[in-house]
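Please open the model in a viewer and follow the selections below in order. Each stop names what to select and then describes what is there.

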Amino acid sequence: MLYGIAAAAATLLLSALLTGVLRVPALRLGITDRRRRRPLPLSGGTAVALATVLVAAGADAAGLLPLGAGVGRMAVAAGCVALLGLAADLRRLRWWVAPAGTAVAAAFVVPYEETGVAAGVAAVGWIVVATAAFRALDHADGLAGTVGAVGAFGAAACATAELMDGLAALLGVLAAALAGFLLHNWFPARAGLGAAGALFTGFVLASSAVFVRAGQGVGAGAAVLYALAAIGCADAALVVLGRRLDRRAVTRGRPDHLGHRLRRLGLAPRAVPVLLGAGSAGGALVAVCVHTGRLSPGAAWWVAAAAAVLVLVLVRRPVTPVFRPRQRVASASSQVSERLRVRSG
């Protein structure tokens, strides 16, 4: 326990330090969030991945927190996925590259001897979907870090119940790394997570859930996996449904995620991660209770019902930007000036 607390504290400090130190190199290399008007360095992703892997590997090598062969292989695969995400941060990649790379990494991680081949293939598909859904949560300040930290605590509780101390240690270190990153990412953000950190975090969370449930009941396993990733799944369902209703391409980016639509309802920027973090905590609590047998797998339907209500309430909310009165006047004036210029030309 003492070693775990020390590792978490070291990871939190290292992640916060690296996020701040890597801001300048990220700006110079152009590793910034292209969706924002002002350059936001994506130093948090590299910091979270480095802090998690370095502390976990160091503690394992010193014999303080032994990870085990399977968890060590997962950490290596997650590092490879983070490198793929860093490439996506550096330059635009085709939409299918990240899921394809995640699938290859997941194929080396799934414990087929416990799941079987068919269930193992399904687990690979789930890891790809859950990782992509978590990556999409990186659209609002503090959101991905908050949901990721809560999910890591929930998965760690499930791992502890199965006496998987190495996996619980890795997840605890990841939660601490995300907490250190949040010191820079809370609104107004000074650093972002980016594809590197989002893919790394999503991959570790999804793979850990598969490890915990491997070889156990399929129904309860599906309930646990979904409850741990409920917020990411709700965001993905909202985006897909909203874009299909608007007859837009699903793979084309747009400000139509959960955070965007909640802001349209009038929520403050800091309230969005708090609200969705609370929802993630509720899902994690259900997952832990189902995993430990305190609730039946049917409890996950309540989580799914709450997510469905949220999606249906928000799906028809407009996603176009709202101008303040002065901004609206300035925008109208610029449009008139542009029309006059075209006519005179």
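## Enclosed cavities

The tour of this predicted model begins inside the protein, where two cavities of 30 Å³ or more are counted.

Next, select Asp-33, Arg-36, Leu-40, Asp-138, Ala-140, Asp-141, Gly-142, Asn-185, Gly-192 and Leu-193, which line the second largest cavity. The volume here is about 40 Å³. What is the division by class in the lining of the second largest cavity? Three of its residues are nonpolar, three are polar and four are charged.

## An open pocket

Now select Gly-4, Leu-65, Asp-165, Ala-168 and Ala-169, which lie nearest the centre of the second largest pocket; 18 residues line this pocket in total. The elements to display with them are α1 (2-21), α8 (143-161) and α9 (165-185), each of which gives two or more residues to the lining of the second largest pocket. Helix α9 supplies the largest share of that lining, seven residues. The pocket has a volume of about 430 Å³. By class, its lining holds 13 nonpolar, four polar and one charged residues.

Select residues 43-61, which form helix α3. With 19 residues at 1.5 Å a residue, α3 should span 27 Å, and the distance of 27 Å between its end C-alpha atoms agrees with that expectation. Then highlight the buried residues of α3, namely Ser-43, Gly-44, Gly-45, Ala-47, Val-48, Ala-49, Ala-51, Thr-52, Val-55, Ala-56 and Ala-59. Which elements do the buried residues of α3 pack against? They pack against α1, α2, α4 (69-90), α9 and α10 (194-213). Gly-63, which follows α3, has a positive phi near 80 degrees.

From Ser-43, move to Pro-25: their C-alpha atoms are separated by 8.4 Å, although the two residues are 18 apart along the chain. Pro-25 is in helix α2 (residues 23-29). Its relative accessible area is 35%, so Pro-25 is partly exposed.

Select Ser-207, found in helix α10. Is Ser-207 buried or exposed? Its relative accessibility is 1%, so Ser-207 counts as buried. Leaving aside residues up to four places away in sequence, Ser-207 touches Met-74, Val-109 and Ile-127.

## Backbone stops in the loops

Most residues other than glycine have a negative phi, and most peptide bonds are trans. The following selections are to be viewed against that background.

Select Leu-163 in the loop between α8 and α9. Leu-163 is not a glycine, yet its phi is positive, about 60 degrees. Because its relative accessible area is 70%, Leu-163 is exposed.

Continue to Arg-247, in the loop between α12 (230-245) and α13 (258-264). What is the phi of Arg-247? Phi is near 55 degrees, a positive value in a residue other than glycine. Arg-247 counts as exposed because its relative accessibility is 79%.

Finally, select Phe-187 and Pro-188: the peptide bond from Phe-187 to Pro-188 is cis, with omega near -10 degrees. Pro-188 is found in the loop between α9 and α10.

## The whole chain

Clear the selection and view the entire protein. Its secondary structure comes to 16 helices and zero strands. The C-alpha trace spans about 75 × 45 × 35 Å along its principal axes. A compact globule of 345 residues would have a radius of gyration near 20 Å, and the 21 Å of the protein agrees with this. Buried residues account for 48% of the 345 residues. Of the contacts between residues at least 6 apart in sequence, 74% join residues at least 24 apart.

Conventions: Residues numbered from 1 in each chain as written. Predicted model: local features only at pLDDT ≥ 70, side-chain atom pairs only at ≥ 80, totals over all residues. Heavy atoms only, no water. 1 Å grid on protein atoms, 1.4 Å probe; cavity = no way out; pocket = protein on both sides within 12 Å on 5 of 7 lines; lining within 4 Å. Points joined across faces, edges and corners; volume = space filled by probe spheres on them. Helix = DSSP H or I, 4+ residues; strand = E, 2+ residues; numbered from the N terminus. Nonpolar A, V, L, I, M, F, W, Y, C, P; charged D, E, K, R; others polar. Buried < 20%, exposed > 50% of the residue type's maximum accessible area, 1.4 Å probe, protein only. Expected span 1.5 Å × (residues − 1). Contact = heavy atoms within 4.5 Å. Rg over C-alpha atoms; globule rule 2.2 N^0.38 Å.
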